[in-house]
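Please consult the sequence and the structure while reading.

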Amino acid sequence: MKTNRAFPLLIVLLLVACAGLAASLDRWFMGWQGNRAENFNPLNIAIGDGQKIFAGHFYRKADVYFHSGMYPSVFDNNESFKTAHIGEDAGATGSKNTGDEANYLGRSRDIIDRFSRNLFPSRHTHLDEGGVAGDLGDKSDVREILPWLKLAQELDPEEPLTYTVTAYWLRSRMNKPHEAELFLREGLKHLPDHPALQFELGRIHFAFEGGAVRYNGREDLDRARNIWLHAIGSWKKQEASKPDPDKFILEQILTHLAKLEEEAGNVPLAINYWEQAKILMPGREGIPQRIKDLREKLAANVSP
């Protein structure tokens with residue numbers, strides 16, 4: 001009888017001890033610098049480190065939507081899709097694409113093959129060019145790629161390309177520079193002083209690209225200049241010592257600084273930046289002619 005009475009008491013004591021241990025461990029865990037409670041994400045628990053693979057898949061999925069579903073499978077010639085077009089068109093990454101992107105399917109083999117191509121997306125289009133409908137008056141369909149990019153960012157918050165590509169489309173095609181800046185600053189929390197993110201952040205304040213007119217009301221040449229100069233310093237700290245540094249992003253920063261100084265009227269400084277870009281990427285077309293034109297302009301201005 002005494003044993004029967006002692007057993008429930010023992011259970012209660014064990015439960016109290018477990019609760020105390022759990023509370024003690026929780027306090028220790030919250031104070032441990034390695035905990036990720038503030039960035040809790042159920043996906044981290046569900047798929048762990050494999051989430052980076054899924055992030056890459058969703059990034060590619062955004063490119064599929066950008067093409068309205070017209071995309072090569074593993075059985076097709078994908079040489080023209082090695083680099084996602086959403087990243088290439090954004091100027092966020094160098095291109096590895098070759099060949100004809102519009103005809104990866106090749107010539108139809110017979111009448112059945114020709115007819116079957118009417119049953120799936122088989123015409124190369126971009127959402128920012130009107131998509132399948134070809135409606136150039138409404139480019140807002142680009143928003144279809146944003147959920148996929150957001151998923152990619154949540155799964156791999158340390159992939160810089162996701163931030164720069166998303167910010168570009170928000171800024172340039174959806175006219176949402178404020179949202180683009182917020183997204184980039186979120187990225188800088190995960191990737192402090194990343195030169196690619198800083199480059200894209202500077203582009204928000206330098207809206208004169210390719211001769212285009214101002215478009216977002218946030219133009220600030222001094223701010224853009226300061227951000228890009230800081231980005232060059234970040235690049236030197238993070239990339240310069242690497243065996244294979246990211247020269248593409250440095251060249252982008254230098255050429256944009258050159259364009260900025262051209263617009264600001266600082267021609268000698270613009271020439272200097274173009275010269276640096278030429279040394280960095282000697283095969284880049286157009287730079288030698290740009291330098292020649294600026295030297296002639298400078299000579300004309302100083303002539304008596």
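Does D156 count as buried or exposed? The model in question is predicted. In it, D156 has a relative accessibility of 11%. Residues under 20% are classed as buried, and D156 therefore counts as buried. This residue lies in the loop between α6 (146-155) and α7 (160-172). Apart from neighbours within four places in sequence, D156 is in contact with K52 and A55.

The protein as a whole contains 13 helices and 0 strands. The table lists three further values for the protein.

| Property of the protein | Value |
|---|---|
| Buried share of the 304 residues | 37% |
| Share joining residues at least 24 apart, among contacts between residues at least 6 apart in sequence | 55% |

Helix α9 (residues 195-204) packs with helix α11 (residues 247-264) at an angle of about 25 degrees, and their axes are 10 Å apart. Angles under 35 degrees count as roughly parallel, and α9 and α11 are therefore roughly parallel to each other. Their crossing is left-handed. On the side of α9, the residues P195, A196, F199 and R203 take part, and they meet I249, Q252, I253 and H256 in α11. The residues of this contact divide into 5 nonpolar, 2 polar and 1 charged.

Technical notes:
Residues are numbered from 1 along each chain as its sequence is written. This is a predicted model: local features need pLDDT of at least 70, side-chain atom pairs count only at pLDDT 80 or more; totals for chains, interfaces and linings use all residues. Side-chain values use heavy atoms; hydrogens and water are left out. Helices (H or I, at least four residues) and strands (E, at least two) are DSSP runs, numbered from the N terminus. Buried means under 20% relative accessible area, exposed over 50%, partly exposed in between (1.4 Å probe, protein chains only). Contact means heavy atoms within 4.5 Å. Axes are lines fitted to C-alpha atoms, for helices over the stretch in contact, and angles run from 0 to 180 degrees between N-to-C directions. Angles under 35 degrees count as roughly parallel, over 145 as roughly antiparallel, 65 to 115 as roughly perpendicular and the rest as oblique. A crossing is left-handed if the near helix is turned anticlockwise from the far one by less than a right angle, and right-handed if clockwise. Ala, Val, Leu, Ile, Met, Phe, Trp, Tyr, Cys and Pro count as nonpolar, Asp, Glu, Lys and Arg as charged, and the others, Gly among them, as polar.
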